[in-house]
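Reader: I would like to be taken through the features of a model one by one. Please give the general idea where there is one, and then the case at hand.

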There are 2 protein chains.
Amino acid sequence: MSVSADSAVHSVAVIGGGQLARMMQPPAIGLGVRLRLLAEGPDVSAAQVIPDHLVGDHRDLDDLRRIAEGCSVVTFDHEHVPPEHLRALADEGHVPRPSPDALLYAQDKALMRARLSELGVPVPAHRVVDDPDALDQFADTVGGYPVVVKTTRGGYDGKGVWVVEDAAAAAEAFAVGQPIMAEELVFFARELSAQVARRPSGELVSYPVVESRQADGICKEVVAPAPELDAALDHDARTIARTIAEALDVTGMLAVELFETMDGRVLVNELAMRPHNTGHWTIDGAATSQFENHLRAVLDLPLGPTEPREPWSVMVNVLGGAVEDLEGQLPIVLDAVPEARVHLYGKAVKAGRKVGHVTVVGDDLARTIVRARRAADLLEKGTTR
Amino acid sequence: MSVSADSAVHSVAVIGGGQLARMMQPPAIGLGVRLRLLAEGPDVSAAQVIPDHLVGDHRDLDDLRRIAEGCSVVTFDHEHVPPEHLRALADEGHVPRPSPDALLYAQDKALMRARLSELGVPVPAHRVVDDPDALDQFADTVGGYPVVVKTTRGGYDGKGVWVVEDAAAAAEAFAVGQPIMAEELVFFARELSAQVARRPSGELVSYPVVESRQADGICKEVVAPAPELDAALDHDARTIARTIAEALDVTGMLAVELFETMDGRVLVNELAMRPHNTGHWTIDGAATSQFENHLRAVLDLPLGPTEPREPWSVMVNVLGGAVEDLEGQLPIVLDAVPEARVHLYGKAVKAGRKVGHVTVVGDDLARTIVRARRAADLLEKGTTR
């Protein structure tokens, strides 16, 4: 007797149809995991590649219920699902992973800063401020302006973050109508990212700490592992990620974005409880990708090894630019850089939008960087810098 | 201004919804290629993971037309599409790759043997026989029985192939009602497979020659590269694959299954003009997988590098066995062999059916074989040999 393939298959509901959900599909195919997508539209990035998708709104509890129904667990492409909806799903017997209680710290920067401070995890000086006077007072405690102001919820890729020279310049932030977090402006040497995957049963694996290079508030390049990273800082970064994952009971992937300061410390900048742009290199450069380990983790399956396949992996984002027909550039890119691993997201090209990425792996760092940039430039600009 | 992602996207029609079509989807996702599937049923292996699929019959020209409409090219999960239908599609302006003229040699063993003989490619002694008397006469020319008899069309995985001790034993073969090919029974040292990818523009890349280990006529294990392969035989095998690809104007992947004879020669056994079981190791073990290079080749995109990522890759098929709930075995398999790359096909388990495969890569051949077998056994039998 044989059973239907359906009867025992793991199924994962994914909220949000962006490139992160899209990139969960290849490892889901391998593991025989069925993804079920709540998509913003019928042809968004992930809906193009996941047959079982519904079009709906992640802010609508009924849409969330429709997608969760019958799935083993519910996970996320982004952190914008209202916390009260996630609690309602959990109360009804669905299994959001990460849990609503954990995810809250990736949704609300004020709660995150407060909780990490309690845990003794180093973070920039910060304070929730209600008005320009309170901002002035905070600025005095950190040696004056410039300071950073952020909306506590909803920002991403540099949106909802301002560096201000005085309180008047924070008018746009206050106008959002949310609590505003003021933070010291950290003069950092570079940005790092530490990623871990963690299962409900407690197993945790760490990826190598990487260097993330930003442009205009958006991640542009990632080098894995972070070149010449001091062993003590590497240890600190991994320990911080593990501490946060365990203390907040995170399940799935956790990315901890860090500042490496000029005086050799690390401070936590942001958290993401999902696959993250700083981990895209793992698809082609690590023994198990962050997307596969996210699926394994939320399904409480044993996690895969995280070691690099080659000494260096360089990931360069492809942002919307001069080239509108990305697929039309493939003959040029693959001819010029045959070893490039190209990932296109099936998105319409808009200026500055993340529409794809390229990874090159190798044993020579300088060459690997040059080759990855060349491939990304050819996709983005149709020419090379 | 931005263009719709749809407007310029490459689209590939794939005929047949088995695991080969399924495994084309991960690289299609990366390259932004849209697959469009003609599936045997609504939930066959590839239909589970390719949103744009139609249920239809590959022997029905109208179904073939429906799936080809609007696609850049048409390619295949199997070689069972009637040649006259492929010619009709080509005459109507569709672009089957490989072409009908090339594919014919993977569809008809008599034509293949005749053409390879013309090309000077070494093949076993063979003759098309119409009746038992002709079979007896052929047997006399190769030193007597046992000899091999095969249907010239439609066989796969050992089906349509018999080893017979006398003409009476070939009754089942003659009863099929097709021309029957008689061949000498080759006492081979082992079976090899040489794969190349070739573009319409002529670019060709070769994968390392691998060893294929069969059980009951079905590929069970592949070791890449073939251990201790004589350099001259390696050269011969690659040259044969290149010669065939170029002479028959093959586009896409070509697999040439070979016998390595006891006296140190190679003879061509079978051809397949599509991704092949002996190339599944390339997903996890080569710089570019056979599925990606098949898509690149049929779309006439530059081909990717084929070198191994690690010294050894071992692929073991998972055949339908004692375990009915393959997904339910994942916790055990991934815990016992964390480095195993597991690929499940979403198929109902039936005795002897290919329902998945496992690949392990490493630098120690014996250990890599043991680990890959252990993972496959746990999936197949729920225990280890």
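This is a predicted model: local features need pLDDT of at least 70, side-chain atom pairs count only at pLDDT 80 or more; totals for chains, interfaces and linings use all residues.

Reader: Start with the two chains. What rotation and shift superpose chain B on chain A?

Author: A rotation of 180 degrees, with 0.0 Å of shift along its axis, brings chain B onto chain A at an RMSD of 0.0 Å. That is the relation of a two-fold axis. In chain B, the C-alpha nearest the axis belongs to Pro51(B), at 2.0 Å from it. The same surface serves both copies, since 100% of the contact residues of chain B recur in chain A.

Reader: How many residues does the contact take from each chain?

Author: Chain B contributes 44 residues and chain A contributes 44 residues. On the side of chain B that touches chain A, the elements giving two or more residues are α1, α11 (326-336) and β16 (341-344) of chain B. Of these, α11(B) gives the most, with seven residues.

Reader: Which domains does the assignment give for chain A?

Author: The assignment gives domain 1 (11-96), domain 2 (125-184) and domain 3 (188-380). The centres of domain 1 and domain 2 of chain A, taken over C-alpha atoms, are separated by 33 Å.

Reader: Now the sheets. What holds strands together in general?

Author: Strands of a sheet pair through backbone hydrogen bonds, in either the parallel or the antiparallel sense. Chain A has an open sheet of four strands in the order β5-β8-β6-β7, with antiparallel pairing. The edges are β5 (126-129) and β7 (161-164) of chain A; each has a single partner strand, so one side of each is left without a neighbour in the sheet. From one strand to the next, the twist averages 25 degrees.

Reader: Which residues pair with β8(A) from strand β6 of chain A?

Author: Strand β6 (residues 147-151) and strand β8 (residues 180-184) of chain A are antiparallel and share five bridges. Val148(A) has Glu183(A) as its bridge partner in β8(A), and Lys150(A) stands opposite Met181(A). Four bridges join β5(A) to β8(A), also in the antiparallel sense. There, His126(A) stands opposite Glu183(A).

Reader: Which strands does helix α6 of chain A lie across?

Author: Helix α6 (residues 132-141) of chain A lies across β5, β6 and β8 of chain A, and runs at about 170 degrees to β5(A). Helix α5 (residues 109-118) of chain A also packs on the sheet, touching β5, β6 and β8 of chain A, and its direction makes about 50 degrees with that of β8(A).

Reader: Turn to strand β1 of chain B. How many of its residues are buried?

Author: Four of the five residues of β1 (residues 11-15) of chain B are buried, so the strand is largely enclosed by the rest of the structure. Five bridges join β1(B) to strand β2 (residues 34-39) of chain B, and the two run parallel. Ala13(B) has Arg36(B) as its bridge partner in β2(B). The chain passes from β1(B) through helix α1 (residues 19-31) of chain B to β2(B), a β-α-β crossover that is right-handed.

Reader: What stands opposite Ala13(B) in β4(B)?

Author: Val74(B) does. Strand β4 (residues 73-76) of chain B runs parallel to β1(B) and is joined to it by four bridges.

Reader: How many residues of helix α10 of chain B are buried?

Author: Nine of the nine residues of α10 (residues 290-298) of chain B are buried, so the helix is largely enclosed by the rest of the structure. Among them are Phe291(B), His294(B) and Arg296(B). Just after α10(B), Asp300(B) takes a positive phi of about 55 degrees.

Reader: Finally, a single residue. Why does Thr359(A) count as buried?

Author: The cut-off is 20 or more other C-beta atoms within 10 Å. Thr359(A) counts as buried because it has 25 C-beta neighbours inside 10 Å. Its place is in strand β17 (residues 354-362) of chain A. Beyond its neighbours within four places in sequence, Thr359(A) is in contact with residues including Trp281(A), Asp284(A), Val314(A), Arg341(A) and Ala372(A).

Key:
Residues are numbered from 1 along each chain as its sequence is written. Chains are lettered from A and ligands numbered from 1 in the order in which they are written. Copies are superposed by least squares on the C-alpha atoms of residues with pLDDT of at least 70 in both. Two residues are in contact if their C-beta atoms, placed from the backbone, lie within 7 Å. Domain bounds come from an automatic or database domain assignment. Two strands pair if DSSP finds at least two bridges between them. Axes are lines fitted to C-alpha atoms, for helices over the stretch in contact, and angles run from 0 to 180 degrees between N-to-C directions. A residue is buried if 20 or more other C-beta atoms lie within 10 Å of its own, exposed if 12 or fewer, and partly exposed in between; C-beta atoms are placed from the backbone. A crossover is right-handed if, with the strands pointing away from the viewer, the path from the first strand over the helix to the second runs clockwise.
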